[in-house]
Amino acid sequence: MNREEKLLQNFQDVQNSLATACKKAGRNRQEITLLAVTKYAPDTDVLFLLQQGLLKHIGESRVQQALKRWTSPQFASFNVVKHLIGHLQQNKAAKAAQFFDFIDSLDNFETAEILDKHTPAGKKLRVLVQVKLTQRETQSGLSLQEARKLVKQIRGLENLQACGYMAIAPQGATENELRALFAPLKKAFDEDFPKEQERYLSLGMSEDFMVAVEEGSTLPRIGSKLFT
Ligand SMILES: *Cc1c(COP(=O)(O)O)cnc(C)c1O
């Protein structure tokens with residue numbers, strides 16, 4: 001199998017797994033948007049999938065790296081929705097507000113205010129608030145209670161649109177542990193983001209996205225499974 005065949009195979013495998021998880025949970029596949037995490041992928045791999053029309057939403061974890069890639073002539077002509085999924089430093093927030101469509105990792109109001117101030121006229125910058133699922137120091141994000149408070153605060157900002165929550169599950173968690181961590185967040189999501197509006201619950205990565213989709217994720221973030 002050459003590299004292009006391998007990438008197509010990976011993509012199909014992910015689609016099949018998403019379909020299986022939806023079927024198992026009685027969910028509609030249309031509710032789920034695949035967020036392709038391109039941060040570690042080489043340009044050639046990303047360009048190939050773009051040319052096939054397979055990438056609609058992409059995630060990058062670093063502002064500089066994302067700008068360098070997606071503003072280059074080869075990439076700039078593709079119309080994809082760009083998400084920042086990594087921690088956002090305040091000194092990068094102005095650039096991020098101009099460049100990204102979504103900030104999926106927002107975790108403080110000060111940064112939200114900087115984003116609001118620098119969002120270009122006529123644009124609504126969509127944001128997800130990052131929730132910390134465990135107390136481990138390495139996890140970023142807010143407790144669920146703090147996150148819900150931040151959503152309310154963001155709703156007072158003119159140029160931002162709060163549209164959901166994002167969380168990263170701890171590595172090595174069992175399926176039952178994952179379900180127990182995801183369920184309270186899904187409940188809060190349904191309460192805070194009514195079904196009529198544009199809303200995203202971003203749970204699940206390559207190792208746990210099937211469980212995450214069964215538990216209600218609408219925006220699984222998949223990197224290594226696509227680009228392995
Ligand atoms: C890198 C990254 C991913 C993708 O992880 P894979 O295990 O490669 O699918 C998802 N979410 C976040 C926040 C990441 O930083």
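For sorting the residues here, Ala, Val, Leu, Ile, Met, Phe, Trp, Tyr, Cys and Pro count as nonpolar, Asp, Glu, Lys and Arg as charged, and the others, Gly among them, as polar. On that basis, the shell around the ligand splits into five nonpolar, three polar and two charged residues. The model is a predicted one: local features need pLDDT of at least 70, side-chain atom pairs count only at pLDDT 80 or more, and totals for chains, interfaces and linings use all residues. Numbering runs from 1 along each chain as its sequence is written, and side-chain values use heavy atoms, with hydrogens and water left out.

The shell itself (residues with a heavy atom within 4 Å of the ligand) is made up of Val-37, Lys-39, Ile-85, Ile-168, Met-205, Ser-206, Arg-221, Ile-222, Gly-223 and Ser-224. Ser-206 brings a side-chain N or O atom to 2.5 Å from a ligand oxygen, and Lys-39 has a polar side-chain atom 2.6 Å from an oxygen atom of the ligand. As for cover, the ligand taken alone exposes 380 Å², of which the protein buries 86% (Shrake-Rupley method, 1.4 Å probe).

Turning to aromatic rings, the whole structure holds five pairs (ring centres within 6.5 Å, with the six-membered ring used for Trp; planes under 30 degrees apart are stacked, over 60 edge-to-face and the rest tilted). One of them joins Trp-70 and Phe-75 edge-to-face, with 5.1 Å centre to centre and 75 degrees between the planes. Trp-70 counts as buried because its relative accessibility is 3% (buried means under 20%, with a 1.4 Å probe and protein chains only). Phe-75, at 1%, is likewise buried. Phe-102 and Tyr-200 make another edge-to-face pair, at 5.2 Å centre to centre and 85 degrees between the planes.

How values were computed: Polar contact = N/O pair within 3.5 Å; in protein donor to acceptor, adjacent residues only side chain to side chain. Buried < 20%, exposed > 50% of the residue type's maximum accessible area, 1.4 Å probe, protein only.
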